[in-house]
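Me: I have a structure open and would like to go through it with you. Could we begin with one residue and then widen the view?

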Amino acid sequence: MTILGAGGHAKVVIAALRALGIQDVKVLDDNPDTWGQTILGVPIAGGFDLLKPGDKAHIALGSNAIRQSLHDRLEGVEWQTIVHPTAWVCPTAVLGQGSFVAAGSIVQVEVQIGKHVIVNTGATIDHESIIGDFAQIAPGAHLGGRVRMHARSFVGIGASVHQGAILEAGSTLGGGAFLKGTLPEGETWVGVPARRLVPSTKG
Ligand SMILES: CC(C)(COP(=O)(O)OP(=O)(O)OC[C@H]1O[C@@H](n2cnc3c(N)ncnc32)[C@H](O)[C@@H]1OP(=O)(O)O)[C@@H](O)C(=O)NCCC(=O)NCCS
């Protein structure tokens, strides 16, 4: 399998593949400075354009927007879904192509997860939640039941989301926050309870 990206998240993904017994891995990255280097002993073979239609690959990049643009640029790739063996995904849950479920996370009953979503280390998603394409739930974050995360939305490390809450497209909930209600499209909210992050006027 080919891993796209050579940063910290790619290491987490390669480690998950090894835990699954998959050793045959290649890494590509668009930064020429990385070519010829290795991550976790795997050589970085070149840029993303080396990928051919029909290849099996996984986008291991933490930026929701970049995962989406790469997915849109690279046609015909067989995107691989990866679930760490210590994660628990209820058999009634649905996981979209290219998504990643990291070690120790829990995906509960009738959850629907879209394409190229990251459910990071130790995150939990409770019953009937719906997670849109290219969204991301950071390590140790918790979602109650029937939460709706729209495309490219992000829940930060250690944040909590009240049951039934909504994160609209491209929105960000900061680390450690508690969200109840609706986080509007493209906005960043932080704190307990979460409120809109207003840019500082200092300096
Ligand atoms: C919310 C967040 C996206 C804001 O990032 P940013 O736009 O770069 O904001 P800054 O760091 O410039 O901080 C702006 C202000 O918000 C405050 N702030 C930032 N993040 C905050 C948070 N999570 N909770 C409360 N306050 C926060 C800062 O203290 C700062 O306050 P000030 O203006 O009074 O000094 C970011 O801080 C965050 O929480 N990211 C989540 C990271 C994460 O989950 N990583 C996991 C990777 S696997």
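Me: Where is the place of Arg152?
Reply: Arg152 is placed in the loop between S18 and strand S19 (154-155). Strands here are DSSP runs (E, at least two residues) and helices are DSSP runs (H or I, at least four), numbered from the N terminus. Please note that this is a predicted model, in which local features need pLDDT of at least 70, side-chain atom pairs count only at pLDDT 80 or more, and totals for chains, interfaces and linings use all residues. Residues are numbered from 1 along each chain as its sequence is written.

Me: Is Arg152 buried or exposed?
Reply: Arg152 counts as buried because it has 25 C-beta neighbours inside 10 Å. A residue is buried if 20 or more other C-beta atoms lie within 10 Å of its own, exposed if 12 or fewer, and partly exposed in between, with C-beta atoms placed from the backbone.

Me: What is the phi of Arg152?
Reply: Arg152 has a positive phi of about 65°, although it is not a glycine. Most residues other than glycine have a negative phi.

Me: And what about Arg146, which phi does that one have?
Reply: The phi of Arg146 is positive too, at about 55°, and Arg146 is not a glycine. Arg146 lies in the loop between strand S17 (142-143) and strand S18 (148-149). It is partly exposed, because 16 other C-beta atoms are within 10 Å.

Me: Which peptide bond is cis?
Reply: The bond from Val192 to Pro193 is cis, with omega near -10°. Pro193 sits in the loop between strand S25 (188-190) and strand S26 (195-196).

Me: Changing topic: how many helices and strands are in the protein chain?
Reply: The protein chain has two helices and 26 strands. Its radius of gyration is 17 Å, close to the 17 Å that the globule rule gives for 203 residues, so the chain is as compact as a globular protein of that length. The radius is taken over C-alpha atoms, and the rule is 2.2 Å times the number of residues to the power 0.38. Buried residues make up 41% of the 203 residues.

Me: Which strands form the open sheet?
Reply: Six strands form it, in the order S9-S12-S15-S18-S21-S24, with parallel pairing. Strand S9 (94-95) and strand S24 (182-183) are the edge strands, each pairing on one side only. Two strands pair if DSSP finds at least two bridges between them.

Me: What joins S12 to S15?
Reply: Two bridges join strand S12 (residues 112-113) to strand S15 (residues 130-131), and these strands run parallel. Gln112 stands opposite Ile130 in S15.

Me: Now H1. Which of its residues are buried?
Reply: The buried residues of H1 are His9, Ala10, Val13, Ile14, Ala16 and Leu17. They cover an arc of only 155° around the axis, which puts them on the same side of H1. That arc is of the directions from the helix axis to the C-beta atoms. The face turned away from the buried side carries the exposed residues Gly8, Arg18 and Ala19.

Me: What follows H1?
Reply: H1 is followed by Gly21, whose phi is positive, near 85°. Val25 is in the loop between helix H1 (8-19) and strand S2 (26-28).

Me: What does Val25 touch?
Reply: Not counting residues up to four places away in sequence, Val25 touches Met1, Ile3, Ile14, Leu17 and Val42. Contact requires that C-beta atoms, placed from the backbone, lie within 7 Å. Val25 is partly exposed, with 18 other C-beta atoms within 10 Å.

Key
Two residues are in contact if their C-beta atoms, placed from the backbone, lie within 7 Å.
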